[in-house]
Amino acid sequence: MKIGIVCYPTFGGSGVVATELGKALAQKGHKIHFITYSQPARLEFFNENLFYHEVNIPAYPLFQYPPYELALASKMVDIVQYEKLDVLHVHYAIPHASAAYMAKQILLTKGIQIPVITTLHGTDITLVGKDASYEPVVTFSINQSDAVTSVSEDLKTETYKHFPITKDIKVIPNFVNIERFQKQRKDHFKAAIAPFGEKLLVHTSNFRGVKRIGDIIKIFSKVREVIPSKLLLVGDGPERPKMENLCRKLGICQDVRFLGKLEAVEELLSVADVFLMPSEKESFGLAALEAMACEVPVISSNAGGLPELNIHGVTGFVSKVGDVKDMVKNTLFLLQDDQLPTFKANALARAKEFEIGKIVPMYEDVYQQAIADVLGKKV
Ligand code: GMT
């Protein structure tokens, strides 16, 4: 199949899922055309089946807000026509689903039919999408998609709750390439960061308010009173200065490292003992799955789809959003030497249920079905 993938090119969530999906599909022989405003973060190598088309937005003094959606729709029209794509798969509804609708209508005037698949990732529904400034367009463009998928049952429920959606939403969970996360084992990192055998608590995110990083720091400051440990915070974003101040206030800076954006996060995860994700909202929690693929158990909140991934008492523990006391209790339990190996093994076993090879065929089926529905043929 020739597949157009539209996504954000960023390190986080939806961009990573879209890029890893495209890479896996390319390995299976599909031709994958990424359409986005810059080179996707994990697409830094050559493969004969992978193509990247950049969306350019010409500057004009009148445009206080450059019309990205129009430039994207025009690019989609161009690439579908020129590359003879079979299907367009857009990740994150805003503004990709409405741009795809526009492209589809333009292509129809040229006698070209292109099925559009929209994958909902989370904040496009739970945070930004349901805002009255966007809701009518989001509802319309989801309903106009030929197939809609969401990354968790919870996100599907939330979508039906907040939008008058008439389409069936198919849940296809996120996935992980276990091999990539297993082959790392950087013991020298552990020796350097935790020379006295301290336990390592890790978090990775884009440091937005929704991640509740303040809870992580409070959990850590209590845990270290009982068990010698270090906290590694990977990523960067708007909350970082506030969080650095909180560490100073609590007098724990010597045991907390802000590592910034690291690409090879698996190297750190390979030596971690527990992953913390106390988010306010989290449709799936891909970063937690990646940790589990490195045998790291998870202490999480019960937000969104997290309980679908992190099995309470098995792969880690789930607490109510904001219940720092419970998260401290659970972390201390899990870090005991007679408990940790079992939780680690369970985390890896659970991650294997989301192995990339099991999930990619689900997307291929959705593409084939959409092509059959729209064009009445198989590709
Ligand atoms: O929250 C993030 O870190 C980024 C965000 C995004 O939109 O890229 O992630 C969302 O999509 C991911 C991939 O499907 C999910 O694993 C995250 O849970 C989801 N984030 C939220 O729902 C807050």
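Biologist: Ground rules first, what are we looking at?

Modeller: It's a predicted model, where local features need pLDDT of at least 70, side-chain atom pairs count only at pLDDT 80 or more, and totals for chains, interfaces and linings use all residues. Residues are numbered from 1 along each chain as its sequence is written, and side-chain values use heavy atoms, with hydrogens and water left out.

Biologist: Which domains does the assignment give for the chain?

Modeller: Domain 1 is 2-175 + 356-375, and domain 2 is 178-352. Those bounds come from an automatic or database domain assignment.

Biologist: And how many residues of domain 1 are in contact with domain 2?

Modeller: 22 residues of domain 1 touch 13 residues of domain 2, where contact means heavy atoms within 4.5 Å. Taken over C-alpha atoms, the domain centres are 31 Å apart.

Biologist: OK, helices. At what angle do helix 2 and helix 3 cross?

Modeller: Roughly 50°, with the axes of helix 2 (residues 68-83) and helix 3 (residues 93-109) coming within 8 Å. That makes helix 2 oblique to helix 3. Angles under 35 degrees count as roughly parallel, over 145 as roughly antiparallel, 65 to 115 as roughly perpendicular, and the rest as oblique. The axes are lines fitted to C-alpha atoms, for helices over the stretch in contact, and angles run from 0 to 180 degrees between N-to-C directions. Helices here are DSSP runs (H or I, at least four residues), as are strands (E, at least two), numbered from the N terminus.

Biologist: What classes of residue make up the contact of helix 2 with helix 3?

Modeller: 14 nonpolar, three polar and one charged. Ala, Val, Leu, Ile, Met, Phe, Trp, Tyr, Cys and Pro count as nonpolar, Asp, Glu, Lys and Arg as charged, and the others, Gly among them, as polar. Helix 2 brings residues including Leu-72, Met-76 and Val-80, while helix 3 brings Ala-99, Met-102 and Ile-106 among others.

Biologist: Now domain 2. How do helix 9 and helix 14 pack?

Modeller: Helix 9 (residues 213-226) and helix 14 (residues 324-334) pack at about 45° with their axes 9 Å apart. That makes helix 9 oblique to helix 14, and the crossing is right-handed. Asp-215, Lys-218, Ile-219, Lys-222, Val-223 and Val-226 in helix 9 meet Val-324, Met-327, Val-328, Thr-331 and Leu-332 in helix 14. By class, that contact has seven nonpolar, one polar and three charged residues.

Biologist: What about helix 12, is it mostly covered or exposed?

Modeller: Mostly covered: eight of the eight residues in helix 12 (residues 286-293) are buried. Buried means under 20% relative accessible area, exposed over 50%, partly exposed in between (1.4 Å probe, protein chains only). Glu-290 is one of the buried ones. After the helix comes Glu-295, with a positive phi near 65°.

Biologist: Which residues does helix 12 meet in helix 15?

Modeller: Leu-289, Met-292 and Ala-293 in helix 12 meet Ala-347, Leu-348, Arg-350 and Ala-351 in helix 15. The contact divides into six nonpolar, no polar and one charged. Helix 12 and helix 15 (residues 340-352) pack at about 120°, axes 7 Å apart, in a left-handed crossing.

Biologist: Last one: what is Val-128 in contact with?

Modeller: Tyr-92, Ile-94, Thr-123 and Tyr-134, leaving aside neighbours within four places in sequence. Val-128 lies in the loop between helix 4 (123-126) and helix 5 (135-144), and is partly exposed at 30%.

Key: Left-handed = near helix turned anticlockwise from the far one by under 90°.
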